[in-house]
Amino acid sequence: MSEWRPQVLVFLCQWALKSDSEWAHRTELPPGARIIEVPCSGRLNPFLLLSALQQGADGLLVVGCEPGRCHYKEGNYLARRKFATLQSFLAHLGVEQDRVQVVWLSETESGKFPGVVANLINTVRQLGPLEALAKRATISGSKGTGAPCTIEA
Amino acid sequence: MTRQKISRADLGALLAKLQQDYTVYAPAEVAGYSTFRPITSPEEVDWYCLVTRKPPKELFFPQSETLFEYICSSDGLALHPGEGVQRERILWGVRPCDARAMLVQDTVFNTSEARDVYYSNKREHTTIVGIGCNEPLQTCFCTSVGGRPFRHEGFDLFLTDIGDAYLVEALTPKGDKLLEGSELFPVSQADLRTAQAVEQAARQRLPAPIDLEHIQKRLQEMINSPFWDEAQAPCLGCGICTFLCPVCHCFDIVDEPVNASCGLRVRNWDTCQYCIYTLEASGHNPRPGGRERVRQRLMHKFDYQPLRQNVLGCVGCGRCVQLCPVNIDIRQLLVGIGATE
Amino acid sequence: MQELVQAIREEARRLLETGQVELVIGFAEGTLPMHSAPVFVRQVADTNRLTWNSFAENNLARYLRGVRNKKVAIVAKGCDVRAIVALINEHQLERDNVYIIGVPCRGMMDRRVVTRRVPGEVAAVREEGDELVVDVRTETGTAPQVVRLPRSELLHRSCATCIQPNPVIYDVLAAEPVEVWAVDPYAYVREMERRSPAERAAYFAAEAARCIRCYACRQACPMCYCEECFVDHTAPRWIESGATASGLQGWQIGRAYHLTGRCVDCGACERACPTEIDLVYLNGKLRKDVWDLYGFEPGMGLGQLPPLAVFLPDEGPEFRP
């Protein structure tokens, strides 16, 4: 059994990073962090977050734009109540408070993106692997070796 | 096949001994109610639970069962079925209605023409120990549908509680095996009279047989009857009656992808009471409303199964009666059907 | 209680006789002790089947689904009326199509609690003042044993912490309003909040593990009216379809979350659940959050907007980096 490393999934609003270079460098993240780009943080169905936790994510980060600056006007306003209630509900189910984070980046703050991700990874590393919430099925390897199937990165 | 007697203490000791070689499932407490689960000691057994919350069918036909794993690779498609039962099992404390229900399930999953390997593997490796019902509940109605509280069919071993001891009867070689090495006593005439009295008392608490042929005939004739409008009105369309029924056996097979190249094929319980059960890809639904679905449940149990499988689809356990959230009572429906013109 | 039953029957009779409604939805005697059965009365002659007692526990608002172009009457207690209001606010129902025979409610009794408090099978019950008198079955030929239980110890959990026993809206009130208890509707949730994350995770896992995905909770709930439930989506399949741990937890989480700001705490789900899953604490958390964060409780007044469909520009959380 190899040593555990935190796995976090980052749902990044495509408008949150303002400069071209920030956008180009977005995938240069610490190992264990993967990005899923979404057109707006408001697009996120809470089931996507639940699904990520059930499939092995130890932490989640949603990065969106500051309310009032949403490209689609109200996406993040509507998302705000969703995320607040979802975070609280997940905590109620035993998912530690800081594992699922939401960050709005203002127009001048997009450079903070790598730091925010690193911060989550550190937090999750200290919390350890996510124990709450049962995981979805994995497959014992093709010759019954017990190695789970993974998607090639 | 002779009856012998075993003391209560020795029966407990026997059970403890059997746990060394078998995984024993018995009615035991779970969150305030009793249902079949693996026990770690005989003290956990709820000896007086007549009707477990969930029926024992899940020991042979689990709610969700992985049929196989599939893996696509450059070598092609590989299918890996799971392993069968690894340790012999005992299903302890089953009542005659539930055993009768298992025989009905056998007509679906375990016939010479069609043997479901998942089901039959579990059946082969399970010994079923039954116990007669001294005090049937108000919701019990096995006698209405051709059953009896001390019926022996479907068991490997049968116990009768005569107060200070149990009468025990091995009915099959599997049952004999369980009794090896146990201290058993011969049964006296007095014991037999007690057993008879116990059975008599039980039968007195149970309702009279109903005219099943008449019910079947009426069901065939009353497809369009307004009776069904009233019967279905309160039905919520949940799955409780069918999932908790020891006879019901519908299932759905789905693939659960793990990722793009591998996954599991799973069989899950399904119920004719869901509105989408008969929904077709075209959008047409031959059973579009509660009327059709409630009617179909009665017809399947009291007409189609007798017609096709020569067996009744209801054993009178009363679980659906106890647990329907809106008190749809199949006994009341049967009375109503019988009374229609 | 008898006066209340008479009042309900008389009103039903009047409504059907004058043709004001086509149907009266209420409760009739059940076939088992401690059960009442939802009944659908269309004929004046059948109005005598209508009854009321402390086992009228189903939320009858559930049966108002799809009521269009006709008028129905419903015998509704406090929480049922909250559901009706919530449905109207979600445009699932027109106020004009529903004639509410409101019943101020003293709380429904939980037959599971009664069953566990007596030393045998319950043969019959009757309500006498603040007590439930239970006839317990004994050996054939002997008289039943009688056990008296205080009503206050038998209430369903949602009833014990009910904030709205009196119908919020109604066309006629079948009895005098009842006193509203000073209770904490979130007591069960607060208790859970005091536990550690690991304890909460273990509790949830144990509760969800008993689920059999019969969907009785969904079917009994007046607010679960989606024509296609998320569990039946296959593209994508949001959660595992079977009785695996993740599938069961996914179902419980998904349904609870879809009730955010919509659950009226009637408890119908918990009562319907055949494996007695603790749904009050699960749905209760989101109810408490919506109250704490947005000052909202569903079904308390016509015209309220669903809290997850609206926002205030300057509300939190701030979600600063």
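Analyst: Two strands pair if DSSP finds at least two bridges between them, where a strand is a DSSP run of E of at least two residues and a helix a run of H or I of at least four, both numbered from the N terminus. This is a predicted model, in which local features need pLDDT of at least 70 and side-chain atom pairs count only at pLDDT 80 or more, while totals for chains, interfaces and linings use all residues. Residues are numbered from 1 along each chain as its sequence is written, and chains are lettered from A, ligands numbered from 1, in the order in which they are written.

User: Okay, so in what order do the five strands of the open sheet in chain C come?

Analyst: Read across the sheet, chain C goes 2-1-3-4-8, with mixed pairing. Strand 2 (36-41) and strand 8 (172-173) of chain C sit at the edges, each pairing on one side only.

User: In what sense do strand 1 and strand 2 of chain C pair?

Analyst: Antiparallel: strand 1 (residues 23-29) of chain C joins strand 2 of chain C through six bridges. To spot one, find C:Ile25, whose bridge partner in strand 2 of chain C is C:Phe40.

User: Which strands does helix 1 of chain C lie across?

Analyst: Angles run from 0 to 180 degrees between N-to-C directions, with axes fitted to C-alpha atoms, for helices over the stretch in contact. Contact means C-beta atoms, placed from the backbone, within 7 Å. Helix 1 (residues 2-17) of chain C lies across strands 1, 2, 3 (72-77), 4 (98-103) and 8 of chain C, at about 150° to strand 1 of chain C. Helix 2 (residues 78-89) of chain C covers strand 3 and strand 4 of chain C, running at about 130° to strand 3 of chain C.

User: What domains does chain C have?

Analyst: Domain bounds come from an automatic or database assignment. Here chain C has domain 1 (2-110 + 155-309) and domain 2 (111-153), and their centres, taken over C-alpha atoms, are 27 Å apart. Nine residues of domain 1 of chain C touch 12 residues of domain 2 of chain C.

User: How many residues does each chain bring to the contact of chain C with chain A?

Analyst: Chain C brings 30 residues and chain A brings 34. On the chain C side, helix 6 (197-209), helix 8 (245-258) and helix 10 (280-294) of chain C each supply at least two residues. Helix 8 of chain C gives the most, with seven residues.

User: What scores does the model get?

Analyst: Its ipTM is 0.96 and its pTM 0.95. For pLDDT, the predictor's confidence in each residue from 0 to 100, chain C has a mean of 95, and 100% of its residues reach 70 or more.

Notes: Contact = placed C-beta atoms within 7 Å.
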